[in-house]
Amino acid sequence: MFGDSPSPGLVGIARLAAHSEVLESKRVVQYFEIGCRSLINRTRPGMPFAWSLNPYRGCEFGCRYCYARYTHEFMEMRESAEFEDKIFAKSNIGHILRRELKKIDATGGIAIGTATDPYQPAERRFQRTRAALEVFAEQSGLDVHITTKSDLVTRDIPILRRIAERNAMSVNMTITTLDVELARKLEPRAPRPDLRLKAVSALADAGIAVGVFPNPIMPLITDQESRLDRLAKAARDHGASYFGGGVLFLMPCSRKVFFPFVEQHFPHLLRRYQERYESAAYIKGLYRDMIRDRVAAIRDRYGLANMPACAPPRPSPFSDCLPLFG
């Protein structure tokens with residue numbers, strides 16, 4: 001249990017978090033085990049998948065643009081650093097997932113890693129993502145997709161191949177930029193872009209459908225055609241079969257981290273970001289349309305699809321709903 005004494009007024013997920021057992025602590029990062037009543041969540045209408053699953057709460061990668069920081073607020077943790085430094089591993093995943101799969105129509109697509117990375121460093125220790133994959137390997141007729149920034153996903157290639165034998169299975173590798181220095185600024189503790197590309201190659205060589213997401217595409221930082229073109233070519237050359245991306249999405253909890261980042265590293269862009277994102281999480285209109293067309297043209301240039309071939313037809317995963325892949 002972290003803290004001196006949980007507030008007696010806490011209820012629900014906040015109370016569970018306050019009473020969670022410490023699994024391990026390293027430097028400033030603490031790991032906790034947290035109970036959960038359910039693992040699979042229904043997504044909103046219009047999403048390219050019907051269900052989402054996140055084995056962890058919080059994420060160590062510390063991406064400056066991460067929209068999922070708000071999820072810690074449900075546990076009364078409102079400091080942005082707590083999202084990166086207090087990581088909660090969900091307990092009893094195998095039992096709960098088997099039970100839930102019997103009760104839901106899971107043919108509409110299950111996305112793993114929509115809020116927090118399923119292969120963040122905690123996974124090496126606690127293997128909660130692997131526990132979920134072992135359950136999916138027992139199933140048939142499902143549509144399962146993983147989104148990650150980590151080359152740790154290659155550890156589970158044998159399980160992914162078992163899943164793919166009887167289900168639609170794909171891995172979406174997020175690579176925001178090939179610029180190592182910029183990537184380190186944007187995603188301080190995520191694996192380097194070259195390691196992610198090697199993972200793409202390993203997955204493709206193993207027969208796993210794999211694509212690259214340059215998400216989020218950040219105006220005047222990563223949106224240049226030359227940057228996106230280099231990334232798409234590298235994706236194709238490393239065996240990716242699909243490619244796409246959406247424009248940066250900034251919730252209020254994200255702006256508290258991203259605006260100071262821009263002020264430090266791109267001060268000449270701060271005012272423009274404030275004008276566009278202070279009152280809305282999305283950029284709409286001509287800019288969004290331009291990026292959509294730019295990505296489509298680049299994708300066509302390299303013969304890449306906009307979704308995995310193993311997925312049944314449904315709304316493109318590169319729609320305005322892309323923030324869920326971030």
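Colleague: Which residue with a positive phi follows α13?

Modeller: Helix names such as this one come from DSSP runs: helices are H or I runs of at least four residues, strands are E runs of at least two, and both are numbered from the N terminus. Here α13 is followed by G303, and the phi of G303 is positive, near 65°.

Colleague: On what basis are such values given?

Modeller: This is a predicted model, in which local features need pLDDT of at least 70 and side-chain atom pairs count only at pLDDT 80 or more, while totals for chains, interfaces and linings use all residues. Residues are numbered from 1 along each chain as its sequence is written, and side-chain values use heavy atoms, with hydrogens and water left out.

Colleague: How does the span of α13 compare with what it should be?

Modeller: The expected span of a helix is 1.5 Å times one less than its number of residues. For the 16 residues of α13 (residues 286-301) this gives 22 Å, and the end C-alpha atoms are 22 Å apart, which agrees.

Colleague: Which residues of α13 are buried, and why do they line one face of the helix?

Modeller: A residue is buried under 20% relative accessible area, exposed over 50% and partly exposed in between, with a 1.4 Å probe and protein chains only. In α13 the buried residues are Y287, I291, V295, I298 and R299. Seen down the axis of α13, these buried residues fall within an arc of 105°, so they line one face of the helix; the arc is that of the directions from the helix axis to the C-beta atoms. The general idea is that an α-helix has 3.6 residues a turn, so residues three or four places apart point the same way.

Colleague: What covers that buried side, and which exposed residues does the opposite face carry?

Modeller: The cover of the buried residues of α13 includes α10 and β11. The face turned away from the buried side carries L286 and D300, which are exposed.

Colleague: Which residues other than glycine have a positive phi?

Modeller: N92 is one, with phi about 60°, and Q127 is another, with phi about 50°. N92 lies in the loop between β6 (86-90) and α4 (93-101) and is partly exposed at 49% relative accessible area. Q127 lies in the loop between α5 (122-126) and α6 (128-136) and is likewise partly exposed, at 33%.

Colleague: Is S91 buried or exposed, and which residues does it touch?

Modeller: Touching here means contact, that is, heavy atoms within 4.5 Å. S91, in the loop between β6 and α4, is buried, with a relative accessible area of 17%. Leaving aside residues up to four places away in sequence, S91 touches E33, I34, G35, C36, I96 and R128. The C-alpha atoms of S91 and R128 are separated by 7.9 Å, although the two are 37 residues apart along the chain.

Colleague: How many aromatic pairs does the structure hold?

Modeller: Rings of Phe, Tyr and Trp (its six-membered ring) pair if their centres lie within 6.5 Å; planes under 30 degrees apart count as stacked, over 60 as edge-to-face and the rest as tilted. The structure holds nine such pairs. One of them, Y67 with F249, is edge-to-face, at 5.8 Å centre to centre and 70° between the planes. That pair links distant parts of the chain, 182 residues apart: Y67 is in the loop between β5 (56-57) and α2 (70-73), and F249 is in the loop between β11 (242-243) and α11 (252-265). Y67 is buried at 6% relative accessibility, as is F249 at 12%. Ring pairs also link F258, F261, F266, Y273 and Y277 into a cluster.

Colleague: Which charged end sits over the ring of W51?

Modeller: A charge sits over a ring if NZ of Lys or CZ of Arg is within 6 Å of the ring centre and within 35 degrees of the ring normal. Here the charged end is that of R42, 4.1 Å from the centre of the W51 ring.

Colleague: Where is a cis peptide bond found?

Modeller: The cis bond joins N215 and P216, with omega about -10°. P216 lies in the loop between β10 (209-213) and α10 (225-237).
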